[in-house]
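Trainee: Can we go through this structure together? I would like to start with the charged side chains and then move on to the helices.

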Amino acid sequence: LPGHQNLMQRAARFKGNPLTSDRERFEHNFAFLRRHPELVTGGATWGWLAAAADSMAMAQKRGFAETITAPTLILSGEEDRVVSGRAHRTYTERMPHATLVMVPGARHEILVETDERLSEVWAAIDRFLATLPAEPKLQDESPRAPKGGPGLGVAKPNLQNELDCDA
């Protein structure tokens with residue numbers, strides 16, 4: 001896409017990055033990519049952008065979020081400049097069994113944050129998992145399950161690529 005900048009050119013620029021507040025982990029990840037350039041991905045492609053737009057349009061349709069009945073934990077960094085925390089709050093309110101945890105000081109890549117923030121994240125995950133039953137309750141059919149097949153009460157979108165391009 002126009003304006004794309006080589007990922008590795010950004011490696012030396014921790015200051016102002018939107019991904020993490022942890023310099024050591026930031027630099028570790030880019031050092032790893034310098035050692036393994038075959039793993040470096042480019043920027044978004046037109047195909048990726050089209051699929052992302054389709055996915056977002058589907059997720060924003062009236063009633064879609066309300067069909068996601070599986071218990072869901074959404075972790076959002078309060079300092080995230082890539083994804084809107086307000087959008088996370090709004091979407092979570094629409095989901096019948098969703099829990100939103102805003103992580104103070106965290107940016108976009110929550111699992112690449114400082115130890116203090118990671119402690120908060122793992123504690124939130126532990127608290128959420130402790131609320132779940134030992135065995136999931138299966139429904140006869142979920143809205144997108146194959147006819148006659150069991151579902152977990154999740155309307156899973158049919159996405160071509162579910163990879164996070166920031167990873």
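Mentor: One term first: a salt bridge here is a side-chain nitrogen of Lys or Arg within 4 Å of a carboxyl oxygen of Asp or Glu. Keep in mind that this is a predicted model. By that criterion Arg 25 forms a salt bridge with Asp 115, with the closest N and O atoms 2.5 Å apart.

Trainee: Which parts of the chain does the pair of Arg 25 and Asp 115 tie together?

Mentor: Arg 25 belongs to helix H1 (residues 23–35) and Asp 115 to helix H4 (residues 115–130), so the pair joins parts that are 90 residues apart in sequence.

Trainee: What else does Arg 25 form a salt bridge with?

Mentor: Asp 22, where the closest N and O atoms are 3.2 Å apart.

Trainee: Is Asp 115 buried or exposed? And what about Asp 22?

Mentor: Asp 115 is exposed, at 51% relative accessibility. Asp 22 counts as buried, at 10%. Arg 25 is partly exposed, with a relative accessible area of 26%.

Trainee: How many salt bridges are there in the whole structure?

Mentor: A search finds 5. One of them is between the side chains of Glu 113 and Arg 117, at 3.7 Å from N to O. Glu 113 is buried, and its relative accessible area is 0%.

Trainee: What does Ala 106 touch, leaving out residues up to four places away in sequence?

Mentor: Both partners of that bridge, Glu 113 and Arg 117, are on its list, together with Gly 77, Glu 78, Glu 79 and Asp 80. Ala 106 sits in the loop between E2 and H4, and at 0% relative accessibility it counts as buried. Its C-alpha is 5.4 Å from that of Glu 79, although the two residues are 27 apart in sequence.

Trainee: Where does Leu 118 lie?

Mentor: In helix H4. Leu 118 is buried, at 11% relative accessibility. Leaving out residues up to four places away in sequence, Leu 118 touches Arg 25, Ile 110, Leu 111 and Glu 113.

Trainee: Switching to H3. Which of its residues are buried?

Mentor: Gly 85, His 88, Tyr 91 and Thr 92. Seen down the axis of H3, the buried residues fall within an arc of 125°, so they line one face of the helix. Arg 86 and Glu 93, on the other side of H3, are exposed.

Trainee: What covers the buried residues of H3?

Mentor: The cover includes helix H2 (46–60), strand E1 (72–77) and strand E2 (98–103).

Trainee: Take His 88, then. What does its side chain make a polar contact with?

Mentor: The side chain of Ser 76, at 2.8 Å. Apart from neighbours within four places in sequence, His 88 is also in contact with Ile 74, Leu 75, Val 83 and Leu 100. His 88 itself is located in H3, which spans residues 85–94.

Trainee: What caps the N-terminal end of H3?

Mentor: Ser 84 does, with a side-chain oxygen 3.2 Å from the backbone nitrogen of Arg 86.

Trainee: Now the surface. Which residues make the nonpolar patch?

Mentor: Trp 46, Trp 48 and Leu 49 make a nonpolar surface patch of about 330 Å². Trp 46 is in helix H2 and is exposed, with a relative accessible area of 59%.

Trainee: And for the whole chain, what is the accessible surface?

Mentor: About 11500 Å², with 56% of that belonging to carbon and sulfur atoms. Of the 167 residues in the chain, 31% are buried.

How values were computed:
Residues are numbered from 1 along each chain as its sequence is written. This is a predicted model: local features need pLDDT of at least 70, side-chain atom pairs count only at pLDDT 80 or more; totals for chains, interfaces and linings use all residues. Side-chain values use heavy atoms; hydrogens and water are left out. Helices (H or I, at least four residues) and strands (E, at least two) are DSSP runs, numbered from the N terminus. A polar contact is a pair of N or O atoms within 3.5 Å; within protein, one must be able to donate a hydrogen and the other to accept it, and residues adjacent in sequence count only if both atoms are side-chain atoms. Contact means heavy atoms within 4.5 Å. Buried means under 20% relative accessible area, exposed over 50%, partly exposed in between (1.4 Å probe, protein chains only). The arc is that of the directions from the helix axis to the C-beta atoms. Patches are made of residues with over 30% relative accessible area and no salt bridge: like charges are joined within 9 Å, nonpolar side chains (Val, Leu, Ile, Met, Phe, Trp, Tyr) within 5 Å. Accessible areas come from the Shrake-Rupley method with a 1.4 Å probe; for residues, only the protein chains shown count as cover.
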